[in-house]
Every structure is written in structure tokens, then in C-alpha cells.
Amino acid sequence: MFKIKISDLLGKYKKTQLWLCEETGIRPATISNYYHEKIVRINKDDLEKIYNLFKTIDPNLKTTDMIEFVDDDVL
């Protein structure tokens, strides 16, 4: 299972979901679904926008800081 760590990034950089919506142009409902990990379909363009935005804040950001694969057997 993939874990989208948008909530972790927003907390780490002290940003809000509203800020993320305004900066990326992604609908608030979609950001909320990413934040609460309730997203059903992952949009590649959304992930690129979010990643690139956080990359401007932290040039050392890695994709694993945003997306992680968690083995279902471990949960």
C-alpha cells in the first residue's frame, strides 16, 4: 500500500492545506483527501505539483519524503 505523506510535509514546514491549494491550484477537497490518505486515484500531475512546491522550500527533499510503500503484511 502506498502512503502519501502530505500531512507530514505540511506539519514539518508549518504550512496549511489552504496554502497548498492556493500554491498548486489543486482543489481543496482533493488536498484534503491526500492529507487524510483517503485518495482513491492518484493524479500524477498533482503529485508533481506538490513535490515541486515542497522542493522549492527544501532542495534536499526526496520522493520518499512524500510517498512511501508500506507492506500490508507489516501493518
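Let's start with Lys-5. Setting aside neighbours within four places in sequence, Lys-5 is in contact with Thr-64, Asp-65, Met-66, Ile-67 and Glu-68. Before I go on, keep in mind that this is a predicted model. You'll find Lys-5 in the loop between strand 1, residues 2-4, and helix 1.

So, is Lys-5 buried or exposed? Lys-5 has a relative accessibility of 13%, and the cut-off for buried is under 20%, so Lys-5 counts as buried.

And one of those contacts is a charged partner. The side chains of Lys-5 and Glu-68 meet in a salt bridge, at 3.6 Å from N to O. Glu-68 sits in strand 2 while Lys-5 is in that loop between strand 1 and helix 1, so this pair ties together parts that are 63 residues apart in sequence. Glu-68 itself counts as partly exposed, at 33% relative accessibility.

How many salt bridges are there in total? The count comes to three. Just as a reminder, side chains of opposite charge can pair when their charged atoms come close.

Another of them joins Glu-37 and Lys-3, with the closest N and O atoms 2.9 Å apart. Here Glu-37 is in the loop between helix 3 and helix 4, and Lys-3 is in strand 1, so the pair ties together parts 34 residues apart in sequence. Both ends are partly exposed: Glu-37 has a relative accessible area of 37%, and Lys-3 comes in at 26%.

Then there's Glu-48 with Lys-44, whose side chains meet in a salt bridge at 3.9 Å, N to O. These two are four residues apart in helix 4, so about one helical turn separates them. Glu-48 is partly exposed, with a relative accessible area of 39%, whereas Lys-44 is exposed, at 59%.

Okay, on to the aromatics. The structure holds three aromatic pairs. One of them is Tyr-13 with Phe-54, a tilted pair at 5.8 Å centre to centre, with 35° between the planes. Tyr-13 is in the loop between helix 1 and helix 2, and Phe-54 is in helix 4, so that pair ties together parts 41 residues apart in sequence. Tyr-13 and Phe-54 are both buried. Bring in Trp-19, and you've got one aromatic cluster made of Tyr-13, Trp-19 and Phe-54.

After helix 2 comes Gly-25, and its phi is positive, near 80°.

Last stop, the surface. Phe-2, Ile-42 and Phe-69 form a nonpolar patch there, with about 350 Å² of accessible area together. Phe-69 belongs to strand 2, residues 67-69, and is exposed, with a relative accessible area of 54%.

Technical notes:
Residues are numbered from 1 along each chain as its sequence is written. This is a predicted model: local features need pLDDT of at least 70, side-chain atom pairs count only at pLDDT 80 or more; totals for chains, interfaces and linings use all residues. Side-chain values use heavy atoms; hydrogens and water are left out. Patches are made of residues with over 30% relative accessible area and no salt bridge: like charges are joined within 9 Å, nonpolar side chains (Val, Leu, Ile, Met, Phe, Trp, Tyr) within 5 Å. Accessible areas come from the Shrake-Rupley method with a 1.4 Å probe; for residues, only the protein chains shown count as cover. A salt bridge is a side-chain nitrogen of Lys or Arg within 4 Å of a carboxyl oxygen of Asp or Glu. Buried means under 20% relative accessible area, exposed over 50%, partly exposed in between (1.4 Å probe, protein chains only). Contact means heavy atoms within 4.5 Å. Rings of Phe, Tyr and Trp (its six-membered ring) pair if their centres lie within 6.5 Å; planes under 30 degrees apart count as stacked, over 60 as edge-to-face and the rest as tilted.
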